[in-house]
Amino acid sequence: MRLPWSLGSMDPHRLDDGAAAIFSSALFDSLYVLDAGGNPIPALAETLPELDGAGGLRIKMRDGLSTAHGSVIDARDAVLSIARCRSYGAGAWLAALPTPKREGEKSFTFAFDDPQALARLLASPLTAIVPLAFDPNRPDGTGPFRADRKDGALVLSRNARAANGPAILDEIRVLAAADLADSLRAFESGTDDIGYLGTGLHEPRAGSKTFDAGPFGWALLVVGRDGGNWDAPGIAQRVADGIAPSRLSYLALGPAWPQSGVQSWNGSPIDLLVADDAPWLVELARAIAATISQPLHEVTVRPISAADFASKRRSRNFALAVDLARSFAPGAFPAMVSLASSDPSSSAAELVRHPPKIAEVSARALTRTLRVGVLGEARIQGGRIPDLSLPLRAGGVDWGTASRARKHA
């Protein structure tokens with residue numbers, strides 16, 4: 001398959017990493033996972049959190065854990081992974097959680113008294129456990145696949161050391177798509193086994209089947225300091241709600257939304273920033289710019305390097321940007337934490353420490369106090385060959401149990 005997302009690195013702790021959102025379950029494990037009912041069950045942990053005798057909770061690691069490339073995984077890796085989560089995308093998500101204290105190589109404790117709540121926090125894909133020397137350019141974890149780079153492709157091969165069992169498939173070859181058409185063209189011609197977001201460029205591939213693994217996050221419109229009177233809470237969402245769903249339907253942004261209050265840029269010409277290594281977001285930015293531009297008030301898409309984009313996002317030194325926010329967990333409150341974490345002007349950590357009572361509403365209804373607006377969902381869907389089975393899990397494909405009918409001579 002080929003994807004319109006950056007494959008140069010993959011970091012499960014980054015809130016804006018599209019490739020990690022899609023393949024996190026293939027390469028990484030968290031201490032816990034959520035079952036079909038939303039209840040946490042042990043993954044890399046031996047049991048659910050237990051009382052430590054001092055009013056806190058202890059987590060014990062399973063014995064014999066190692067990554068695909070052979071690094072031993074124990075309590076040291078878990079504690080440092082949690083610290084790394086905090087410093088990257090999950091700082092707000094873990095804001096109510098004290099810093100863990102390690103007890104030797106097998107366990108660590110938290111000054112926390114709710115075992116179910118602790119396990120749910122640590123069941124997020126953004127709290128995956130990685131080795132001490134983790135390098136996003138060479139992603140390594142305990143998941144069912146091992147990642148290597150061969151001939152310009154990211155090759156996921158069966159991991160015999162996998163903590164919860166190796167993959168059924170021997171190999172998945174993933175190439176970076178230059179644009180949206182790249183994947184659809186390769187699938188329609190028979191080159192690829194999966195077509196991202198569709199079943200063909202010009203017409204559906206004969207005999208192909210569709211699949212939809214649902215959303216893994218949201219595409220966002222973000223306003224910055226140079227956004228004039230748009231730099232205010234709730235404006236980004238008003239702009240996003242004013243865009244007709246039909247203008248963006250080819251990007252597979254999920255269910256159509258009720259269009260309301262069409263907004264167009266009326267200030268001086270500005271740039272719409274987007275990271276240049278994510279073709280899906282670049283294409284979305286172009287569609288947004290074409291929709292909100294006016295004569296003498298042009299909005300021009302400006303793709304910049306991922307490093308420059310991250311710097312400008314942190315400082316808010318821009319007018320408008322298009323970005324991605326991954327989901328921490330199912331439900332409205334985790335969605336609110338994710339969206340607030342994507343807004344540098346908000347206090348997402350305070351939101352977690354003093355959580356509001358909110359109904360189970362769509363993500364678009366959660367941004368009224370934020371300087372980010374939801375443009376739509378980022379989804380894993382498209383076309384597949386008929387003999388390829390892609391079982392689903394919360395937030396995507398269960399790559400470890402994906403299978404393909406054997407070819408017979």
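**Entry 1: aromatic rings**

I began with the rings and found that ring pairs link Trp5, Phe216 and Trp280 into a cluster. I counted a pair when the ring centres of Phe, Tyr or Trp (its six-membered ring) lie within 6.5 Å; planes under 30 degrees apart are stacked, over 60 edge-to-face, and the rest tilted. The model is predicted, so I note that local features need pLDDT of at least 70 and side-chain atom pairs pLDDT 80 or more, while totals for chains, interfaces and linings use all residues. Residues are numbered from 1 along each chain as its sequence is written, and side-chain values use heavy atoms, with hydrogens and water left out.

I found 7 aromatic pairs in the structure. In one of them, the ring centres of Trp5 and Trp280 are 5.4 Å apart and the planes stand at 35°, so this pair is tilted. Trp5 is in the loop between strand S1 (2-3) and helix H1 (18-27), and Trp280 is in helix H6, so the pair ties together parts 275 residues apart in sequence. Helices (H or I, at least four residues) and strands (E, at least two) are DSSP runs, numbered from the N terminus. I looked up burial too: both Trp5 and Trp280 are buried. Buried means under 20% relative accessible area, exposed over 50%, and partly exposed in between, with a 1.4 Å probe and protein chains only.

I then turned to Phe28 and Phe134, whose ring centres are 5.9 Å apart with planes at 75°, so the pair is edge-to-face. Phe28 is in the loop between H1 and strand S2 (32-34), and Phe134 in the loop between helix H3 (115-121) and strand S8 (145-150), so the pair ties together parts 106 residues apart in sequence. Phe28 is buried at 4% relative accessible area, and Phe134 counts as buried at 12%.

**Entry 2: charges over rings**

I checked for a charge over a ring (NZ of Lys or CZ of Arg within 6 Å of the ring centre and within 35 degrees of the ring normal). The charged end of Arg84 sits over the ring of Tyr88, 4.3 Å from its centre. Arg364 lies over the face of Trp257, 4.3 Å from the ring centre.

**Entry 3: a sheet**

I traced an open sheet of 6 strands in the order S11-S16-S12-S15-S13-S14, with mixed pairing. Two strands pair if DSSP finds at least two bridges between them. The edge strands, S11 (194-196) and S14 (299-304), each pair on one side only. Strands S12 (residues 209-223) and S15 (residues 320-326) run antiparallel and are joined by 7 bridges. In that pairing I found Val223 opposite Leu320 in S15.

**Entry 4: Gly373**

I located Gly373 in strand S16. Gly373 is buried, with a relative accessible area of 0%. Leaving aside neighbours within four places in sequence, its contacts (heavy atoms within 4.5 Å) include Ala219, Leu220 and Ala236. The C-alpha atoms of Gly373 and Val322 are 9.6 Å apart, and the two residues are 51 residues apart along the chain.

**Entry 5: Thr291**

I ended with Thr291, in helix H6 (residues 279-292). Thr291 is buried, with a relative accessible area of 19%. Its side chain reaches the backbone oxygen of Ala287 at 2.8 Å. Not counting residues up to four places away in sequence, Thr291 touches Ile243, Arg247 and Ser264.

Methods:
Polar contact = N/O pair within 3.5 Å; in protein donor to acceptor, adjacent residues only side chain to side chain.
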